[in-house]
Amino acid sequence: MPAASLLPLFGSAAGPGALGGPAGGGAGGGGRKAAGPGAFRLTEKFVLLLVFSAFITLCFGAIFFLPDSSKLLSGVFFHSAALQPPPPPPGFQPRAPPQPGAGPAMPEEAGGAGSLERIRADHERALREAKETLQKLPEEIRRDIRQDKEKLLQDARGRKEAAAAGLPQRPFRQPVGAVGREPADLAVRQRRDKIKEMMKYAWDNYKRYAWGLNELKPISKQGHSSNLFGNIQGATIVDALDTLFIMEMKEEFKEAKEWVEKNLDFNVNAEISVFEVNIRFVGGLLSAYYLSGEEIFRKKAVELGEKLLPAFNTPTGIPWALLNIKSGIGRNWPWASGGSSILAEFGTLHLEFVHLSHLSGNPVFAEKVMNIRKVLSRLDKPEGLYPNYLNPSSGQWGQHHVSIGGLGDSFYEYLLKAWLMSDKTDEEGKKMYYDAVQAIETHLIRKSSGGLTYIAEWKGGLLEHKMGHLTCFAGGMFALGADGAPSDKTGHHIELGAEIARTCHESYDRTSMKLGPEAFRFDGGVEAIATRQNEKYYILRPEVIETYMYMWRLTHDPKYRQWAWEAVEALEKHCRVDGGYSGIRDVYSNHESHDDVQQSFFLSETLKYLYLLFSDDDLLPFEHWVFNTEAHPFPILRKEDGSKEEKKNRSSFNLLHSLCFFPGLGRVILF
Ligand code: DMJ
């Protein structure tokens, strides 16, 4: 049995589909490939190795999982301060997600019975993997071993670098649902494959024409720079990492990782958007780390997080929108009301910063975002609503403009998701979210005469009957939050999500290209239609598809897959060009005029949500993951998993690391 199949990730780096795990080869029985005499000898060796590994598993299982001996061992061997976990950030008792297939975390009290269960599961898994190994050609086995060796060396390097960067040691446990099984239904499988093909097309073109630059211009076939990232480079690479991972595009993920290792550089003299860099770069690196366990991503995420900290140096601690990451000097957008910071920008740091504290052991990140909460909670909210502008010096609201679309949107999203990500312990986030939704329902949500529910904007008490494409994410948000809604409003919140999804679908359906405009209106005799020329564009945005994804997962109503497929067809027909995918200037026109930008969020969000829509629910299940606003999945930080267990696992990991190292075969990781 190659150690590859026991490694947490990329265990069998073989040909197409190999990363899919057991489904890939197990079902075919023993006759996939004829084994020669050479293979037989190698096979024998691996059967011996299996027996040996099983024996070691049993020994260590007994040592670590029988309660008394584990206490004894940790007392005797691991009373070292160097091995203690970092103090958790205030208010959080996080842990890494449990192993796949392990089911719900086993409580400590389960004691011997739980341990035996676990040992049995280990054995069954080892047998299954041995069966798969026996079907491999000697060449494949040798390649697996080679790759394991490389990975081990790389891991060791990563750990050294992390230690040098002052990061605490952290055992990596396989995440739940990082890759899913193939959908059983052939038609669904074909649609999912099509979306993967789209991702490959977008990626290959970026690689060919704009590799290492931020985004691709698919018509002019060159790089595109947006000033949002200053001269930080590689936005598409970092944004796409987790999509490549969940789509099992192993080669592409590997080249992306290598680029990050060698080229991603934050030591630049650049003024960046704190919000955009946070959601795309910090978010992309964090999720890449949680999915793959590659230390480089943790290290880069924390390094970038530290670069962003000077943005909080304002009298209130409400961060600047723009920051020079070399000088640490910040400022706000010159167009923002009275020098204000923007609600959707400073309100969309919470998830990433809590995870930065978790991964670095440094509470400062979580403290910064908790302070934003504190400032907001002290302020009066007009009619319970949050204006989009807040002055970071005076701590006073700017212009009273309220929007659930641009300038406001992801602030509300992060209140809900902060609560979910905290394993539903962040009561303050929960209350702020449901109170805000109540005010939104009262003051902004309206129904058109044609029966379409929409979310209007509010300007100093007056409604503007316009809804942005960005606002369409709210359908998914309402549905996701339905479960915790107060006083039996669960059904109502799901219904609200469904109505917003329908309205946004109408905004697509009422165009010639079946792609939605940037904003649509409900006045002057129109419904769900853009009336102004400068609102008719579509820039490959994800929000409508995002809402379909949440609605599909939460209701399994087939219409959401149908609507998503309509969008795929429209994207293929109108946005796919020779050099990638492009936005469209006017979705009501009969002729495409392309904007010549392949946005990085097309790879990170639009294609990921589509892929999830045509995957089973066990891929990135909602019980374990929360998506940041750029669709980067972060694990839920479990409340019951206190530092005691983390400490125990850490100690066990280190002992095994030093004892169970088989030269040339890789390390056996038992849990
Ligand atoms: C993404 O970068 C994020 O979803 C953000 O919250 C809003 N806009 C874009 C995509 O439209």
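**Exercise 1.** In this predicted model, determine how far a polar side-chain atom of Glu 630 lies from an oxygen atom of the ligand.

*Solution.* Apply the cut-off next: a polar contact requires N or O atoms within 3.5 Å. Then repeat the search for Glu 605, where a polar side-chain atom is found 2.9 Å from a ligand oxygen atom. For Arg 541, an N or O atom of the side chain is 2.7 Å from an oxygen atom of the ligand. Finally, consider the cover: on its own the ligand has 290 Å² of accessible area, and the protein covers 92% of this.

**Exercise 2.** Identify the elements that give two or more residues to the shell around the ligand, and classify the residues of the shell.

*Solution.* The elements are H9 and helix H20 (600-613). List the residues around the ligand, which include Ile 279, Arg 280, Phe 601 and Glu 605. Leu 470, Pro 542, Glu 543 and Thr 629 also belong to this list.

**Exercise 3.** Describe the largest nonpolar core and the contacts of Ile 195.

*Solution.* The largest nonpolar core comprises 162 residues. Helix H9 (residues 274-292) gives the most to this core, namely 12 residues. Ile 195 is among the residues with the most contacts inside the core, together with Val 260, Phe 281, Tyr 412 and Phe 478. With neighbours within four places in sequence set aside, the contacts of Ile 195 include Met 247, Trp 565, Leu 607 and Phe 614.

Key: Residues are numbered from 1 along each chain as its sequence is written. This is a predicted model: local features need pLDDT of at least 70, side-chain atom pairs count only at pLDDT 80 or more; totals for chains, interfaces and linings use all residues. Side-chain values use heavy atoms; hydrogens and water are left out. A nonpolar core is a set of buried Ala, Val, Leu, Ile, Met, Phe, Trp, Tyr and Cys residues joined through side-chain atoms within 4.5 Å. Buried means under 20% relative accessible area, exposed over 50%, partly exposed in between (1.4 Å probe, protein chains only). Helices (H or I, at least four residues) and strands (E, at least two) are DSSP runs, numbered from the N terminus. Contact means heavy atoms within 4.5 Å. A residue is near a molecule or strand if one of its heavy atoms lies within 4 Å of it. A polar contact is a pair of N or O atoms within 3.5 Å; within protein, one must be able to donate a hydrogen and the other to accept it, and residues adjacent in sequence count only if both atoms are side-chain atoms. Accessible areas come from the Shrake-Rupley method with a 1.4 Å probe; for residues, only the protein chains shown count as cover.
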